[in-house]
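Student: I would like to go through this model term by term. Please set each value against its cut-off.

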Amino acid sequence: MRPYLKIRNLELKTPLMLASGTWGLGENLDLYLTKEEIKSNIGAFVSKGISRFPKKGNPPPRLYETPCGLINSIGLENPGLEVFKKDYLPKLLSYEVPLIINLHGEEVEDFVALAEGFKEEKVDGIELNISCPNVKKGGLAFSSDPKGVKTLVKEVRKVWERFLAVKLSPVGPVYEIAEICEKEGVDALVVANTYPALGVIGLAPLKVIKGGLSGPAIKPLTLRLVYELAQKVKLPIIGSGGILSGKDALEYLVCGAKAFQIGVANLIDPTSAVKIIQEMEELKKKHGLFG
């Protein structure tokens, strides 16, 4: 069967990817979807952010629902490279869906070590998370430093020959960093991560949660980024932000994205991938889009 999209070694059956951090580590995915539904509808998995060593994440509260979205402050809790490879990777590979590992590091050396740590594994690619807004080290610090991103991508490319994506922040010098990624050999841009946000949990005394806003509230903002970036760079763009329906997904594609990731939709309904792909295909036929 001809793939929907091929980028370097990565072959997608559909344009839909499960976004990092929105479906756990895959341990419960088959409770909601059959293996055939997973293989037929999901183009690729993007793992939860993996760091060199285990991370406990942030203390509670970690989630705050807004009228049109969700603020999360998970803090990249994960079991670390070696435990992930031993306890979680085998089951993820058993789904027979392309697997992209989201990498989190505080320094360039962390990302390089992680990329080397996955070189011998049967994963299809890596996604450099340079844009998480709710960690104290790494995360957004990279997204405000174009020279740092240039060094990061160059050093990772030295050890990683397969599919390489960078997950951009929606804030900061976004266009400059996108152009640097293109020059340094990145294969695709993920546009974009969550938006720095704050929710008031208590009025007196004041208690707040600071984290990243996702969901329908950010869709118009990210859609504009995708539209404008698609005219500035030649790299394939993977849209991500507020996709809850097939119509949302199709809007990203007509605005220039080649594929898309769903996040909050997974949290609302773990079977949403199937519904979104089916609705999108019906709309494509109705409007005569993409052949």
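Student: Which strands make up the closed barrel, and what is the sense of their pairing?

Tutor: The barrel is closed and has 8 strands, in the order β3-β4-β7-β8-β9-β10-β13-β14, with parallel pairing. Neighbouring strands of this sheet are turned by 25° against each other on average, direction ignored. Such angles run from 0 to 180 degrees between N-to-C directions, and the axes are lines fitted to C-alpha atoms, for helices over the stretch in contact. A word on sources: this is a predicted model, where local features need pLDDT of at least 70, side-chain atom pairs count only at pLDDT 80 or more, and totals for chains, interfaces and linings use all residues. Residues are numbered from 1 along each chain as its sequence is written, and side-chain values use heavy atoms, with hydrogens and water left out.

Student: What makes β4 and β7 a pair?

Tutor: Two strands pair if DSSP finds at least two bridges between them. β4 and β7 (residues 99–103) have 2 bridges, in the parallel sense. So the pair meets the rule of at least two bridges. Phe45 has Leu99 of β7 as its bridge partner.

Student: How many helices and strands does the chain have, and what counts as one?

Tutor: There are 10 helices and 14 strands. Each is a DSSP run, numbered from the N terminus: helices are H or I with at least four residues, strands are E with at least two.

Student: Why is Pro60 called exposed?

Tutor: Exposed means over 50% relative accessible area, buried means under 20%, and partly exposed lies in between (1.4 Å probe, protein chains only). Pro60 has 73% relative accessibility, so Pro60 counts as exposed. Pro60 sits in the loop between β4 (44–46) and β5 (63–66).

Student: What makes Asp110 and Arg52 a salt bridge?

Tutor: The rule asks for a side-chain nitrogen of Lys or Arg within 4 Å of a carboxyl oxygen of Asp or Glu. The closest N and O atoms of Asp110 and Arg52 are 3.1 Å apart, and the two form a salt bridge. Asp110 belongs to helix α3 (residues 108–117) and Arg52 to the loop between β4 and β5, so the pair ties together parts 58 residues apart in sequence. Asp110 counts as buried at 15%. Arg52 is partly exposed at 33%.

Student: How do you know that Arg157 and Asp187 are both buried?

Tutor: Arg157 has a relative accessible area of 16%, so Arg157 is buried. Asp187 has 10%, so Asp187 is buried too. Their side chains meet in a salt bridge (2.7 Å, N to O). Arg157 lies in helix α5 (residues 146–159) and Asp187 in the loop between α6 (174–183) and β10 (188–191), so this pair ties together parts 30 residues apart in sequence.

Student: Which residues are linked with Glu251 in a network of salt bridges?

Tutor: Lys219, Lys247 and Asp248 are linked with Glu251. Within that group, the side chains of Glu251 and Lys219 meet at 2.5 Å, N to O. Glu251 lies in helix α8 (residues 246–254) and Lys219 in helix α7 (residues 219–232), so they tie together parts 32 residues apart in sequence. Glu251 is partly exposed at 21%, while Lys219 is buried at 13%. For the whole model the count comes to 18 salt bridges.

Student: What makes both faces of β13 covered?

Tutor: In β13 (residues 237–240), Ile237 and Gly239 on one side and Ile238 and Ser240 on the other are all buried. In a regular strand the side chains alternate between the two faces of the sheet. β13 pairs with β10 in the parallel sense over 3 bridges, and with β14 likewise over 3 bridges. Val190 has Ile238 as its bridge partner. Ser240 stands opposite Gln261 in β14.

Student: Why is the β-α-β unit of β13, α8 and β14 called right-handed?

Tutor: Point the strands away from the viewer: the crossover is right-handed if the path from the first strand over the helix to the second runs clockwise. β13, α8 and β14 make a right-handed unit.

Student: How do you know that the chain agrees with a compact globule?

Tutor: The rule is 2.2 Å times the number of residues to the power 0.38, with the radius of gyration taken over C-alpha atoms. For 291 residues a compact globule would have a radius near 19 Å; the chain has 18 Å, which agrees. Of the 291 residues, 56% count as buried.
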